[in-house]
Amino acid sequence: MLSSQIKSNEIVFGSCNKDLLEEIIFYGIGLGADFVEIFIENTDNSSVLAEEDFITSVSPSFGRGAGIRIFKGKKDGFVSTNDLTKHGLMRSVSQAIEMLDITDNKREVFNGLNKHRDYSLSKKKWIKEVPSIHEISEKLLVSTKSLKKNNKIITRKGSYSRNLQEVIIASSDGTYVSDIRLHQTVGLNLIASDAQYRSSGSRRFGSSGMPNEFRLWDHEKAANDVFESSMNMLYADYVDAGQMPVVLANKFGGVIFHEACGHLLETTQIERGTTPFENKLNEKIAHESVTAIDEGISEGSFGSLSVDDEGMEPEKSVLIKDGILKKFISDRAGELRTGHKRTGSGRRQNYSFAAASRMRNTYIAKGEHSKEDLINSISEGLYCKSMGGGSVGATGQFNFAVEEGYLIKNGKLTSPVKGATLIGEAKEVMPKISMCGNDLELAPGFCGSISGSVNVTVGQPHIKVDSITVGGR
Amino acid sequence: MNSREITTQISKAADFLNLKKWDYGASFSNDYSVQVDKGEAKQLKASQKQILTIRVWNQSNLVGITTTSDISESGIKKALKQANIASDFGNKNETTEFSPLAKDPIKVKEVKKTNPVGIKKLLTLLRGAELKLIESHESIKSVPYNGLSESFFERVYANSEGAFRSYSKSQAALYLYARAEEKNKKPRSSGSVKLGYGADDIDIESCIKEASNKTISHLNYSSIKTDKYLICFSPESFLTIINAFSSMFNARSIIDGVSLSNKNSIGEELSTEALNIYDDGLHEKNISSTPFDGEGTPTKRLCLIKRGRIENFIHSESTARIFKTTPTGHAGLGSKVSVSPDWIVVEKSDENFDLKTSLDHYTYEGEFVYIEELNAIHAGVRASQGSFSLPFDGWLYKNGKKISIESATVAGDIKYLLKNIVNIESNQEVTTSGISPHIWVNELSITGDA
């Protein structure tokens with residue numbers, strides 16, 4: 001008898017679990033749930049850290065678990081567990097039903113699961129194709145060695161992590177899918193020091209679904225980039241605070257759009273009543289030079305996925321077209337509670353989080369200007385070549401650290417400056433993005449929000465903001 | 001399996017695999033949480049979690065590690081095997097050993113034992129809190145960020161030399177962030193967080209009152225002129241900044257070259273003589289306290305700054321060995337053992353004659369900026385460089401009046417800040433991250449919109 005034909009009392013990855021999943025869903029519907037969703041995962045992760053010229057940490061981890069979500073009306077109950085037996089899953093369904101206090105006799109119809117959509121078929125070989133710990137370690141050590149370009153470099157680090165996640169998603173609308181996701185990320189960090197001067201630099205690279213990507217990573221180019229950046233900033237003066245025009249570089253410069261505007265276009269923000277864009281569909285919310293996109297389909301990009309965590313294939317969503325708001329990023333709960341159609345954006349960190357509407361690859365589309373056009377148009381301002389992290393407050397105010405900045409004077413880049421922070425509100429800044437460059441590039445990152453930390457890419461071409469508050473000394 | 005059975009299971013599996021030296025840390029938890037939206041249940045959540053981290057020493061005494069949520073017999077065996085494979089890549093330059101204090105007696109605080117109140121009760125309590133908060137002021141329209149949770153967990157540490165520690169406790173948390181709206185004004189938001197040993201133990205009324213008062217106090221706002229100001233840090237904001245720069249006291253950070261301090265910094269003058277800072281994980285007010293760290297070392301009170309000078313660093317087993325001292329109970333179990341503070345206590349020392357005691361945030365009538373809460377710490381702090389540029393919530397006090405500051409950042413250097421403390425108020429306040437009085441600092445840069 002084939003393993004797939006065995007009726008199991010426990011979820012078995014790589015086998016057919018249809019009968020067991022249907023039994024669990026029938027059980028939930030029978031108890032009065034409007035909707036039952038089961039998300040099951042099996043993970044196999046590794047991370048490696050190189051410091052100076054030594055491997056100082058190798059951390060494998062593995063695990064499995066299930067998240068069960070029950071909807072009744074617009075309410076939902078979510079239970080997560082490590083127990084993947086039939087008994088454990090049914091107990092979780094019961095717990096969710098009990099939490100929701102479901103007592104009515106109205107029963108939804110469950111017609112069984114649809115034909116299995118298996119996105120994992122071509123991906124099962126990935127685990128054999130990803131680099132071994134030995135191979136990773138060797139390349140990381142070469143990378144950290146590449147950072148040692150002069151005696152001002154006092155700390156060098158290289159880090160790698162690989163996450164392999166196998167998922168099964170089944171729900172009472174018939175959804176039944178399996179997938180394997182592979183994410184790899186590698187980062188370089190250094191600290192430079194000379195007498196009382198200090199600077200630091202970091203770069204991160206990442207991919208999804210490309211087992212060979214780490215092997216192809218150009219560590220020398222990355223090391224040169226981060227070294228050059230830290231040297232430029234080592235003796236930089238603090239920037240003077242004030243209102244000024246800025247040019248934000250491409251790639252990770254897109255983090256500002258992601259944080260300050262993208263989150264406000266997630267339906268979770270509509271549910272909370274915390275987005276100023278709630279009733280602005282088809283209205284102008286940005287300068288006409290701005291078109292912004294969120295999608296999950298760019299091959300290899302860190303935020304791409306074959307299917308979201310609710311079993312829907314991701315779509316390309318044009319959020320803003322020529323300054324006009326066109327769409328919100330939505331998941332199942334978002335559609336239920338706000339009426340905005342799902343966009344294949346239901347995402348979660350792992351089984352212990354309920355999915356929520358989350359960004360994937362989010363970027364401002366390219367315009368027609370060169371980077372030089374943007375800089376030449378400013379008589380006094382700031383060029384933000386590399387952005388650090390940032391945050392957005394509960395009322396939409398954002399703050400972002402500029403990791404590498406240069407003053408612009410009379411249309412030319414002049415001295416490097418440190419300590420700059422960009423401060424503003426999306427609603428006020430979006431109409432001030434007056435020029436977009438023609439050099440769109442994406443950069444990987446991690447986004448933390450309601451459903452945990454998920455892989456994303458941010459991106460943009462060089463953009464000019466006519467006026468923004470720059471925090472400094 | 002309970003924690004004793006898991007220890008036995010690991011021991012048996014290690015014997016089977018001929019692994020002589022191992023240790024593990026584990027946590028097992030049951031968590032329940034609710035969120036509401038205008039009186040309706042929004043999301044109700046329950047989770048059962050188990051995390052096991054196993055370290056194995058190979059014949060060359062190099063350490064490998066694996067973390068798993070699978071504590072079945074096969075899961076434990078697989079974890080030991082993986083850790084053994086990982087030990088081939090163990091750090092040859094900095095060996096790890098068991099903590100010499102892993103069998104020392106631990107002090108377990110007497111805390112109130114609580115039982116789960118259940119999701120329905122959590123929901124009822126949170127609905128009531130949300131309603132009261134909305135009704136507390138006509139401008140408060142919603143409480144977009146709210147939650148009430150209960151957690152019941154056990155932490156365990158054991159090793160192959162017979163050390164075994166286990167600690168069970170419960171904890172509950174309530175957060176309420178209100179949003180206030182007034183015509184022709186920007187929405188304003190503020191909130192409060194309260195912890196307790198159980199849902200029944202949380203002071204819900206004070207959380208509502210604090211969230212309401214803070215939110216209302218920001219309704220009348222204005223931008224602030226970019227300039228240098230006399231600053232009064234609230235206890236919460238001062239603790240935030242000390243925690244953000246705790247790498248100054250962290251032996252791990254010093255070894256890694258990411259601290260402003262070095263091995264010889266003990267005795268270095270950092271601040272006014274009036275300042276004492278302790279790390280006191282076992283403090284009676286610390287609801288999150290645990291009696292031992294990730295390596296099984298007992299938690300203890302440790303003086304970090306005495307009369308303005310660095311007195312001690314916090315350590316793991318390996319950093320303590322390198323510094324020729326004893327572990328301090330601040331280790332986190334990992335392939336590379338981390339070190340972090342528990343609960344900071346700031347106080348005025350006996351040497352406080354130079355302080356300008358006229359600076360009291362209740363009575364001082366001159367101009368100053370009161371920083372209530374610092375935000376975006378992960379983005380605005382360069383711990384290895386000592387600099388910070390952080391958005392904050394607060395007020396400008398001027399001519400006997402106070403007005404909320406619309407949107408601003410405070411920027412500076414931690415060493416400058418500590419050296420320029422001009423007053424430490426007498427009354428200490430308990431926060432969720434420690435205890436501190438209000439601290440006054442001269443001349444920090446504020447960037448505003450005006």
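This is a predicted model: local features need pLDDT of at least 70, side-chain atom pairs count only at pLDDT 80 or more; totals for chains, interfaces and linings use all residues.
**View 1. The largest nonpolar core.**
This core has 130 residues. Val246(A), Ile256(A), Leu382(A), Cys384(A) and Ile231(B) have the most contacts inside it. Strand 17 of chain A, residues 397-409, gives the most to this core, with seven residues. A second, separate core has 67 residues. Phe71(A), Val167(A), Val177(A) and Ile208(B) are among them. In soluble globular proteins, nonpolar side chains tend to be buried together.

**View 2. The surroundings of Leu382(A).**
Which residues does Leu382(A) contact, leaving aside neighbours within four places in sequence? They are Val239(A), Met244(A), Val246(A), Gly405(A), Leu407(A), Ile408(A), Ala420(A) and Val470(A). Val246(A) is also listed with Leu382(A) among the residues with the most contacts inside the largest core.

**View 3. Where chain A touches chain B.**
Chain B gives 57 residues to the contact, and chain A gives 58 residues. On the side of chain B that touches chain A, strand 2 (residues 40-57) gives the most, with ten residues. That side of chain B has 16 nonpolar, 29 polar and twelve charged residues. Strand 2 of chain B also pairs with strand 3 of chain A, residues 75-81. The pairing is parallel and has five bridges. Find Ser80(A): its bridge partner in strand 2 of chain B is Ser47(B).

**View 4. Two helices of chain A packed together.**
Helix 4 (residues 133-146) packs with helix 6 (residues 219-234) in chain A. The angle is about 35 degrees, and the axes are 9 Å apart. The crossing of helix 4 of chain A with helix 6 of chain A is right-handed. Helix 4 of chain A makes the contact with Lys139(A), Val142(A), Ser143(A) and Ser146(A). Helix 6 of chain A brings His219(A), Glu220(A) and Ala223(A). By class, the residues of this contact are two nonpolar, three polar and two charged.

**View 5. An open sheet in chain A.**
Six strands of chain A form this sheet, in the order 12-11-10-15-22-21. The pairing is mixed. Why is one side of strand 12 and of strand 21 of chain A left without a neighbour in the sheet? Both stand at the edges, each with a single partner strand, so one side of each has no neighbour in the sheet. Strands of a sheet pair through backbone hydrogen bonds, either parallel or antiparallel.

**View 6. Strand pairs within the chain A sheet.**
Strand 10 (residues 292-295) and strand 11 (residues 316-321) of chain A pair antiparallel over four bridges. Glu295(A) stands opposite Lys316(A) of strand 11 of chain A. Strand 11 of chain A also joins strand 12 of chain A (residues 324-325) by two bridges, and these strands run antiparallel. Here Lys321(A) has Ile324(A) as its bridge partner in strand 12 of chain A. Strands 11 and 12 of chain A form a hairpin with two residues between them. Asp322(A), in the turn, has a positive phi of about 50 degrees. Elsewhere in the sheet, strand 21 of chain A joins strand 22 of chain A (residues 452-460) through nine bridges, running antiparallel. Pro444(A) stands opposite Thr457(A) in strand 22 of chain A.

**View 7. Tyr24(B) and its contacts.**
Tyr24(B) lies in strand 1 of chain B, residues 21-37. Is Tyr24(B) buried or exposed? Tyr24(B) has 27 C-beta neighbours inside 10 Å, so Tyr24(B) counts as buried. Not counting residues up to four places away in sequence, Tyr24(B) touches Ile10(B), Leu52(B), Thr53(B), Ile54(B), Arg55(B) and Ala158(B). Ser237(B) is 213 residues from Tyr24(B) in sequence, and 36 Å from Tyr24(B) in space, C-alpha to C-alpha.

Six strands of chain B form an open, mixed sheet in the order 11-10-9-14-22-21. Strand 11 (309-310) and strand 21 (429-430) of chain B are the edge strands, and each pairs on one side only. Strand 14 (residues 344-348) and strand 22 (residues 434-436) of chain B pair in parallel over two bridges. Ile344(B) stands opposite Gly434(B) of strand 22 of chain B. Helix 5 of chain B (residues 235-244) packs on this sheet and touches strands 9, 14, 21 and 22 of chain B. The direction of helix 5 of chain B makes about 115 degrees with that of strand 14 of chain B. Seven of the ten residues of helix 5 of chain B are buried, so the helix is largely enclosed by the rest of the structure. The buried residues are Pro235(B), Ser237(B), Phe238(B), Leu239(B), Thr240(B), Ile241(B) and Ile242(B).

Technical notes
Residues are numbered from 1 along each chain as its sequence is written. Chains are lettered from A and ligands numbered from 1 in the order in which they are written. A nonpolar core is a set of buried Ala, Val, Leu, Ile, Met, Phe, Trp, Tyr and Cys residues joined through C-beta atoms within 7 Å. A residue is buried if 20 or more other C-beta atoms lie within 10 Å of its own, exposed if 12 or fewer, and partly exposed in between; C-beta atoms are placed from the backbone. Two residues are in contact if their C-beta atoms, placed from the backbone, lie within 7 Å. Ala, Val, Leu, Ile, Met, Phe, Trp, Tyr, Cys and Pro count as nonpolar, Asp, Glu, Lys and Arg as charged, and the others, Gly among them, as polar. Two strands pair if DSSP finds at least two bridges between them. Axes are lines fitted to C-alpha atoms, for helices over the stretch in contact, and angles run from 0 to 180 degrees between N-to-C directions. A crossing is left-handed if the near helix is turned anticlockwise from the far one by less than a right angle, and right-handed if clockwise.
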